[in-house]
Amino acid sequence: MSTPASGADLTLDGVTVGYSGGGPIARRRATTVILADLHLRARAGRLTVLLGGNGSGKSTLLRSVAGLQPLLAGTVSLGDARLDRLSPPERAARVAVVLTESFDPGLLRGADVVDLGRYPHRRRGSAAVDSQAVHEALAAVHAQDLARVPLVRMSDGQRQRVMIARALAQEPALLLLDEPTAFLDAPARLELLAVLQRIAAGRGIPVVLSSHDVELAVRSGHDAWLVGAPTSQGVPRPVTSGPVDRLSENGSIGAAFDTDAVAFDVTTGRFGLRPPAAD
Ligand SMILES: Nc1ncnc2c1ncn2[C@@H]1O[C@H](COP(=O)(O)OP(=O)(O)OP(=O)(O)O)[C@@H](O)[C@H]1O
């Protein structure tokens with residue numbers, strides 16, 4: 001197994017994700033395919049935004065890429081290393097994930113939580129390196145002032161920044177984030193996307209994040225994986241990819257999100273109400 005170096009692209013080849021039926025044979029549930037036969041790339045040094053409507057499969061895809069649930073088919077690679085074949089400890093040394101689920105932090109302070117990200121790299125005598133990595137990770141998300149604050153006393157947005165710092169302290173070769181802007185106000189969202197852009201470019205890694213905030217993602221993302229509207233009942237939704245500008249200009253983003261009442265305006269990059277139909 002070759003070790004993925006920083007700077008490797010993330011590649012999905014023929015990936016199908018969903019939920020396999022479990023339980024005893026007599027009562028086994030059918031396998032539910034959510035997204036099928038995906039061929040996607042997230043490039044090192046760039047911010048890739050994963051866009052799609054509610055329930056379109058964004059979390060399922062991110063969790064599957066992260067190895068938190070099994071792929072139904074296909075391969076996930078970082079450079080020429082197969083991520084889907086790594087053991088959990090090997091994966092933890094390469095892939096950092098920030099999920100929406102919260103956890104009970106007990107009495108842990110900001111720096112304690114960020115230090116958890118060092119676990120996959122912890123070696124005897126590595127305390128100074130670990131401490132420096134924690135310091136740098138907090139600084140990257142402008143959260144140095146939260147180092148000594150117990151997590152239970154933080155706002156949702158502050159806690160989100162600490163969770164991202166924990167992922168950075170892991171020094172991953174791939175960073176995946178599910179809805180990282182969910183709890184943030186508008187300026188903080190914009191700032192977080194700028195921070196993630198800097199992290200992708202500065203560390204030379206692929207950063208993939210899902211977002212409901214299409215306007216912000218179009219403004220800040222380099223590339224997009226776009227889960228389209230359903231085409232017919234029971235058929236997995238199509239997924240297209242490419243530079244955000246191209247998907248915006250060629251109408252793909254509008255086709256995925258427009259409704260009878262609302263349409264995406266390519267020139268402003270914003271959604272607007274359609275004019276009422278003339279009688
Ligand atoms: N454990 C599960 N077993 C079976 N189906 C599931 C399970 N978890 C989610 N699903 C289904 O998978 C589909 C995709 O869900 P997912 O959470 O990945 O979508 P999403 O795009 O992240 O949604 P949202 O934008 O609302 O967060 C949904 O139809 C959902 O009901």
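Visitor: What is the bridge partner of Asp 13 in β4?

Guide: In β4, Asp 13 is partnered by Thr 75. Please note that this is a predicted model, in which local features need pLDDT of at least 70, side-chain atom pairs count only at pLDDT 80 or more, and totals for chains, interfaces and linings use all residues. Residues are numbered from 1 along each chain as its sequence is written.

Visitor: And how many bridges do β1 and β4 share?

Guide: Strand β1 (residues 10–19) and strand β4 (residues 73–78) are joined by five bridges in the antiparallel sense. Strands here are DSSP runs of E with at least two residues, helices are runs of H or I with at least four, and both are numbered from the N terminus. Two strands count as paired if DSSP finds at least two bridges between them.

Visitor: Which sheet is that, and what is its strand order?

Guide: It is an open sheet of four strands, ordered β2-β1-β4-β5, with antiparallel pairing. The edge strands are β2 and β5 (81–82), each of which pairs on one side only. Helix α1 packs on this sheet and touches β1, β2 and β4, its direction making about 120 degrees with that of β1. Contact means that C-beta atoms, placed from the backbone, lie within 7 Å. Axes are lines fitted to C-alpha atoms, for helices over the stretch in contact, and angles run from 0 to 180 degrees between N-to-C directions.

Visitor: Turning to the ligand, which residues surround it?

Guide: The shell consists of Tyr 19, Thr 32, Ile 34, Gly 52, Asn 54, Gly 55, Ser 56, Gly 57, Lys 58, Ser 59 and Thr 60. A residue is near a molecule if its C-beta atom, placed from the backbone, lies within 6 Å of it.

Visitor: Which element gives the most to that shell?

Guide: Helix α1 gives the most, with three residues. Both β2 (32–42) and α1 (58–66) supply at least two residues each.

Visitor: What is the make-up by class?

Guide: The shell has two nonpolar, eight polar and one charged residues. In this scheme Ala, Val, Leu, Ile, Met, Phe, Trp, Tyr, Cys and Pro are nonpolar, Asp, Glu, Lys and Arg are charged, and the others, Gly among them, are polar.

Visitor: Where does Ala 8 lie?

Guide: Ala 8 is in the segment before β1. Not counting residues up to four places away in sequence, Ala 8 touches Ala 44, Leu 78, Gly 79 and Ala 173. From C-alpha to C-alpha, Ala 8 and Gly 45 are 9.0 Å apart in space, although 37 residues apart in sequence.

Visitor: Is Ala 8 buried or exposed?

Guide: Ala 8 is buried, because 22 other C-beta atoms lie within 10 Å. The cut-offs are 20 or more other C-beta atoms within 10 Å for buried and 12 or fewer for exposed, with partly exposed in between and C-beta atoms placed from the backbone.

Visitor: What is the strand order of the six-strand sheet?

Guide: That open sheet runs β6-β7-β8-β3-β9-β10, with mixed pairing. β6 and β10 (239–243) stand at the edges with a single partner strand each, so one side of each is left without a neighbour in the sheet. Neighbouring strands are turned by 15 degrees against each other on average, direction ignored.

Visitor: Which residue in β8 is the bridge partner of Thr 48?

Guide: Thr 48 is partnered by Val 208, and Val 208 is also the bridge partner of Leu 176. Strand β3 (residues 47–51) pairs with strand β8 (residues 207–210) in the parallel sense over four bridges, and β7 and β8 likewise pair in the parallel sense over four bridges. In β8, Val 207 and Leu 209 point one way and Val 208 and Ser 210 the other way, and all are buried.

Visitor: Which strands does α6 lie across?

Guide: Helix α6 lies across β3, β7 and β8, running at about 155 degrees to β8. Helix α1 lies across β3, β6, β7, β8 and β9 (223–227), at about 150 degrees to β7.

Visitor: How many residues of α5 are buried?

Guide: Twelve of its 14 residues are buried, and α5 is mostly covered. The buried residues pack against β6 (95–98), α3 (110–116), α4 (127–140), β7 (174–178) and α6 (186–203). Just after α5, Glu 171 takes a positive phi of about 50 degrees.

Terms used:
Contact = placed C-beta atoms within 7 Å.
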